[in-house]
Amino acid sequence: MDNHLDCTRSYLPDDCLLIIFRGLHSTTDRNAFGLTCHRWFQIQNLARRSLVFPYSYNPKVYQVYARYLPRLLVRFPFLSSISLAGCTELPDSALSRLGSYGLSLQSLSLYCCFGITDNGLAQVPRGCPNLVTVTLHRCNVTDVGLESLAKSCHGLKNVNLGYCMLISDHGINKLCQGCPLLQALIISYCKGVSGLGFSGCSNTLTYLEADSCMLSPEGLLETVSGGGLEYLNVSNLRNLVGIDGLAALGAGYAMRLRFLNLRLCRFVVDDSVSIIAKGCPLLEEWSLAVCHEIRFSGWSAIGSSCKSLKVLHVNRCRNLCDRGLQALGDGCERLEVLYIHGCRRITSMGLEMFKLRRHNVVIRREECVSVGPCIDDLFV
């Protein structure tokens with residue numbers, strides 16, 4: 001009697017083998033499992049859910065990636081996540097296979113894929129209608145590409161358009177209108193966006209990263225018009241020098257705002273700060289680092305109105321003086337951390353008095369660029 005087990009025969013149904021394979025936690029175990037026989041190797045391919053191409057400084061490596069990507073998409077038909085981050089030489093043609101094998105794909109990262117244009121992006125929504133997260137950071141896409149994405153991928157929640165210099169308010173509006181579940185959007189350094197494209201955006205939009213953008217006062221109002229924002233970064237606003245339009249943030253649309261980054265907004269004045277402090281009652285963390293025009297009345301308004309504030313950044317604020325620091329100490333009952341350094345009008349005595357009055361507040365000297373939760377975690 002032959003006791004040899006023929007691994008090519010079906011002793012167990014595929015779903016049982018798949019359960020066994022998923023129960024193997026280490027990569028070594030899974031590789032050994034896949035090498036045992038051809039059928040189990042097929043199960044291994046069917047079970048793979050993510051594909052990440054290692055970063056390399058060698059452009060020839062990315063040419064190899066582009067050549068083998070179509071084969072890998074055929075080999076792993078049920079991928080839910082693909083990262084091509086850093087594939088600077090990736091051409092539009094490399095995405096053609098997504099049209100046939102992308103139905104299960106929910107996350108796609110084209111981070112720094114400089115060769116990807118509207119032509120390549122147009123192939124994505126045709127075969128990947130179930131996308132939830134897409135990263136197009138530094139891709140050469142325009143409003144045309146965004147429109148094609150919005151027409152088919154209605155379930156999109158997280159979109160990274162950082163450094164996409166060719167997009168405008170038209171593309172942003174198409175994205176907002178076509179993706180009613182949009183939750184997180186990064187448009188940092190998109191200098192063609194004024195903010196007007198956010199008109200009519202859904203209240204599902206919770207996170208907006210707009211660092212170093214060219215938002216107009218009217219555009220700022222539209223960014224919060226949906227009423228759902230909890231996190232907003234408009235640090236280093238570019239075209240508002242001498243024109244303080246930030247009061248729009250306190251106009252009643254940002255009642256849910258919890259994290260606000262106004263770092264390097266050197267033009268913001270006391271009146272705007274006062275309106276924001278009163279109009280955003282849930283603020284927990286606020287960065288006003290390098291906001292030179294805020295004076296005593298502004299700091300006093302923060303102290304009296306920001307009842308929920310836990311973390312405040314005031315690094316290098318030229319017009320924060322001992323009286324202003326005292327006003328913060330007399331108010332802001334829930335303050336836990338104060339980032340303060342380089343405030344030339346704060347004396348040693350003034351800082352010590354604050355520490356005595358608010359001994360439970362942690363004083364930190366470092367300057368943070370970001371605030372609140374890391375929005376990048378949504379794009380992993």
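Reader: How do the axes of helix H11 and helix H12 cross, and within what distance do they come?

Author: In this predicted model, the axes of helix H11 (residues 296–305) and helix H12 (residues 322–330) come within 7 Å and cross at roughly 10 degrees. An angle under 35 degrees counts as roughly parallel, so H11 is roughly parallel to H12.

Reader: Which residues make that contact?

Author: On the H11 side they are Phe-296, Trp-299, Ser-300, Ile-302 and Gly-303. H12 contributes Arg-323, Gly-324, Ala-327 and Leu-328.

Reader: And what is the make-up by class?

Author: The contact of H11 with H12 has 5 nonpolar, 3 polar and 1 charged residues.

Reader: Turning to H6 and H7, at what angle do their axes cross?

Author: The crossing angle is roughly 0 degrees, and the axes come within 9 Å. That makes H6 roughly parallel to H7.

Reader: Which residues are involved there?

Author: Asp-118, Leu-121, Ala-122 and Pro-125 of H6 meet Val-144, Gly-145, Leu-146, Ser-148, Leu-149 and Ser-152 of H7. By class, this contact has 6 nonpolar, 3 polar and 1 charged residues.

Reader: How many residues of H6 are buried?

Author: Helix H6 (residues 118–127) is mostly covered, with 8 of its 10 residues buried. These are Asp-118, Gly-120, Leu-121, Ala-122, Gln-123, Val-124, Pro-125 and Gly-127.

Reader: What covers them?

Author: The cover for the buried residues of H6 includes helix H5 (98–101), strand E3 (107–109) and helix H7 (143–152).

Reader: Let us move to the strands. Where is Thr-133, and what does its side chain pair with?

Author: Thr-133 is in strand E4 (residues 133–135). Its side chain is joined to that of Asn-158 by a polar contact of 3.0 Å.

Reader: Is Thr-133 buried or exposed?

Author: Thr-133 has a relative accessible area of 7%, and the limit for buried is under 20%, so Thr-133 is buried. Not counting residues up to four places away in sequence, Thr-133 touches Gln-106, Ser-107, Leu-108, Leu-156, Asn-158, Leu-378 and Phe-379.

Reader: What about Leu-208: which strand holds it?

Author: Leu-208 is found in strand E7 (residues 207–209). Leu-208 counts as buried because its relative accessibility is 0%.

Reader: Which residues does Leu-208 contact?

Author: Beyond its neighbours within four places in sequence, Leu-208 is in contact with Leu-185, Ile-187, Phe-198, Thr-223, Leu-229, Tyr-231, Leu-232 and Asn-233. The C-alpha atoms of Leu-208 and Ala-184 are separated by 6.0 Å, although the two residues are 24 residues apart along the chain.

Reader: And Leu-221, where does that lie?

Author: Leu-221 lies in helix H9 (residues 217–223). At 32% relative accessibility, Leu-221 counts as partly exposed. With neighbours within four places in sequence left aside, Leu-221 is in contact with Ala-248, Ala-251 and Tyr-253.

Reader: How far apart are Leu-221 and Gly-245?

Author: They are 8.9 Å apart in space, C-alpha to C-alpha, and 24 residues apart in sequence.

Reader: Finally, the whole chain. How many helices and strands are there, and what share of residues is buried?

Author: The secondary structure of the protein chain comes to 13 helices and 13 strands. Of its 380 residues, 50% count as buried.

Reader: What share of the contacts with a separation of 6 or more comes from residues 24 or more positions apart?

Author: Such residues account for 73% of those contacts in the protein chain.

Key:
Residues numbered from 1 in each chain as written. Predicted model: local features only at pLDDT ≥ 70, side-chain atom pairs only at ≥ 80, totals over all residues. Heavy atoms only, no water. Helix = DSSP H or I, 4+ residues; strand = E, 2+ residues; numbered from the N terminus. Buried < 20%, exposed > 50% of the residue type's maximum accessible area, 1.4 Å probe, protein only. Contact = heavy atoms within 4.5 Å. Axes fitted to C-alpha atoms, helices over the stretch in contact; angles between N-to-C directions. Parallel < 35°, antiparallel > 145°, perpendicular 65-115°, else oblique. Nonpolar A, V, L, I, M, F, W, Y, C, P; charged D, E, K, R; others polar. Polar contact = N/O pair within 3.5 Å; in protein donor to acceptor, adjacent residues only side chain to side chain.
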